[in-house]
Amino acid sequence: MMTDIIGVKFKTNGKVYSFAPGEFSPPEGSYVVVDTARGPECGIVASRRHAVPDDSLTSPLKPILRLATPEDLEALERNKQYMADAMRVCEERIAARKLPMRLVDVECGFDSNKLIFYFTAESRVDFRDLVKDLAAAFHVRIELRQIGDRDEAKLLGGLGICGREFCCKGYLSDFQPVTIKMAKEQGLALNPAKISGTCGRLMCCLRYESPVYEELIKLIPKAGSTVLLPGEPPVRAYVLEANLVSGKLRVKPENSELPITVDHTEVERLQDMSRRMTKDDLRDKRDAAKNTAPAPAPAPKQQPPKAEQKPAVLHPEFGEKQHNAPAAEEPGQNQEQGSRPQKKNHNRGANGSRPRPGQNHGNAPKNGEQKPRNPRFRRPRAPKGDGPAGTEE
């Protein structure tokens with residue numbers, strides 16, 4: 001489904017908002033009064049009536065109330081004078097209260113029931129007393145908003161190092177993120193004085209050519225990579241410099257000491273280990289891994305043979321069955337199987353339970369019997385003589 005919309009902006013370089021035209025088809029550059037979240041506002045038609053898919057619309061469209069009348073245009077002129085007076089009064093109150101803030105701009109609603117003051121500051125500012133002073137002076141709703149350096153440059157305007165008007169003031173409606181990586185890809189000197197704008201941030205124009213440089217980086221070998229020069233047989237060469245704009249490479253062949261200049265279309269590009277892998281490289285690598293034959297399954301791990309246990313024999317004296325001890329295991333066998341020899345507990349009964357008080361199990365002595373001594377333990381004997389132990393007469 002398609003929906004008819006019309007584009008309206010409220011500032012010369014402001015963002016374009018979509019509205020439902022209804023029965024109106026105003027020409028581009030004319031003034032219209034539209035319904036917004038802040039109430040009725042008067043704006044300029046930036047794009048004529050046209051149809052767009054419903055999927056591109058994120059929220060319900062506000063309607064156009066009417067075409068601007070001469071009375072509406074007179075209200076706009078009065079609001080401009082009203083904003084100039086509010087700017088002067090606010091600067092006087094800021095100086096009187098010695099607040100660390102700098103006033104940048106003032107906005108006024110179409111019906112003059114709200115004033116918005118934009119300011120910059122190094123840190124947070126307590127401006128509650130300032131709001132009370134402004135509310136008492138204008139008797140309308142007061143709102144103060146702290147903005148950044150890029151927004152300040154957009155509101156004030158000026159000339160860039162190229163000699164033209166600021167891009168943000170002239171035609172940019174939204175700020176796009178700009179990174180230092182874009183300056184590196186374009187081969188610019190990473191000097192803050194040359195790649196920064198008047199606002200102190202990276203210049204917005206660095207983003208204009210960034211998509212082109214990203215495509216050229218994929219096509220042209222990077223400095224430090226290896227290429228093959230045409231010939232019989234082909235000669236390997238080391239890339240010293242690469243000009244992304246002209247596509248020329250300055251390479252040093254292996255069989256020569258003098259570097260030469262060739263076009264990037266005349267060489268065969270080898271794998272560039274110094275280049276960062278992109279999403280396409282990772283996808284190609286994953287597809288190549290799927291097409292290769294699966295690796296053979298590893299052979300099952302052989303378990304070491306268990307020790308054989310000899311059959312039971314009759315004891316020659318008591319006639320009871322006696323099991324011979326199993327054959328001695330090789331050193332480290334228990335460690336390979338992951339088992340540990342268990343320590344026999346003589347204080348437990350036949351079923352493995354602990355003896356209760358007054359109950360004997362195993363080798364515990366009975367009442368009236370003497371506990372057998374351990375033959376390995378011998379008590380030291382006292383020396384001969386009548387004197388105390390350990391002394392000589």
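Two strands are taken to pair if DSSP finds at least two bridges between them, and the strands themselves (E, at least two residues), like the helices (H or I, at least four), are DSSP runs numbered from the N terminus. The views below show a predicted model, in which local features need pLDDT of at least 70 and side-chain atom pairs count only at pLDDT 80 or more, while totals for chains, interfaces and linings use all residues. Residues are numbered from 1 along each chain as its sequence is written, and side-chain values use heavy atoms, with hydrogens and water left out.

**View 1. Strand β5 and its pairing with β3 and β2.** Strand β3 (residues 31–36) pairs with β5 in the antiparallel sense over three bridges, and within this region valine 32 stands opposite leucine 67 of β5. Strand β2 (residues 17–20) runs parallel to strand β5 (residues 62–67), to which two bridges join it. Phenylalanine 19 has lysine 62 in β5 as its bridge partner. Strands of a sheet pair through backbone hydrogen bonds, either parallel or antiparallel.

**View 2. The open sheet that includes β12 and β13.** Five strands make up an open sheet with the order β12-β11-β10-β9-β13 and antiparallel pairing. Because β12 (260–263) and β13 (268–269) stand at the edges with a single partner strand each, one side of each is left without a neighbour in the sheet. The partner of β12 in the antiparallel sense is strand β11 (residues 248–253), over four bridges, and valine 251 has isoleucine 260 of β12 as its bridge partner.

View 3. A pair of aromatic rings is described by the distance of the centres and the angle of the planes; here, rings of Phe, Tyr and Trp (its six-membered ring) pair if their centres lie within 6.5 Å, and planes under 30 degrees apart count as stacked, over 60 as edge-to-face and the rest as tilted. The structure holds four such pairs. One of them joins phenylalanine 10 and tyrosine 17, a tilted pair at 5.9 Å centre to centre with 45° between the planes. The rings of tyrosine 82 and phenylalanine 138 also form a pair, with centres 5.9 Å apart and planes at 90°, so this pair is edge-to-face. Since tyrosine 82 lies in helix α1 (residues 70–97) and phenylalanine 138 in helix α2 (residues 128–138), the pair ties together parts that are 56 residues apart in sequence. With buried meaning under 20% relative accessible area, exposed over 50% and partly exposed in between (1.4 Å probe, protein chains only), tyrosine 82 counts as partly exposed at 22%, whereas phenylalanine 138 counts as buried at 13%. Phenylalanine 10, at 32%, is partly exposed, as is tyrosine 17, at 39%. Phe10, Tyr17 and Phe19 form one aromatic cluster.

**View 4. Helix α3 and its surroundings.** In helix α3 (residues 149–156) the buried residues are Glu152, Ala153 and Lys154, and these pack against β6 (102–108), β7 (114–120) and α4 (167–170), where contact means heavy atoms within 4.5 Å. Lysine 154 is buried at 14% relative accessibility and, not counting residues up to four places away in sequence, touches Asn13, Cys168, Lys169, Leu172, Ser173 and Phe175. Lysine 154 also lies over the face of phenylalanine 175, at 5.4 Å from the ring centre, a charge being placed over a ring if NZ of Lys or CZ of Arg is within 6 Å of the ring centre and within 35 degrees of the ring normal. Leucine 155, likewise found in helix α3, counts as partly exposed at 23% relative accessibility. With residues up to four places away in sequence again left out, leucine 155 has contacts that include Lys11, Val104, Tyr118 and Lys169. The C-alpha atoms of leucine 155 and lysine 169 are separated by 7.0 Å, although the two residues are 14 residues apart along the chain. After α3 comes glycine 157, whose phi is positive, near 80°.

**View 5. Cysteines without a disulfide.** A search of the whole structure finds zero disulfides, a disulfide being a pair of cysteine sulfur atoms within 2.5 Å. For cysteine 162, the closest cysteine sulfur is that of cysteine 167, at 6.3 Å, too far for a bond. For cysteine 167, the closest is in cysteine 205, at 5.9 Å, again too far for a bond. Cysteine 162 is exposed, with a relative accessible area of 63%, whereas cysteine 167 is partly exposed at 23% relative accessibility.
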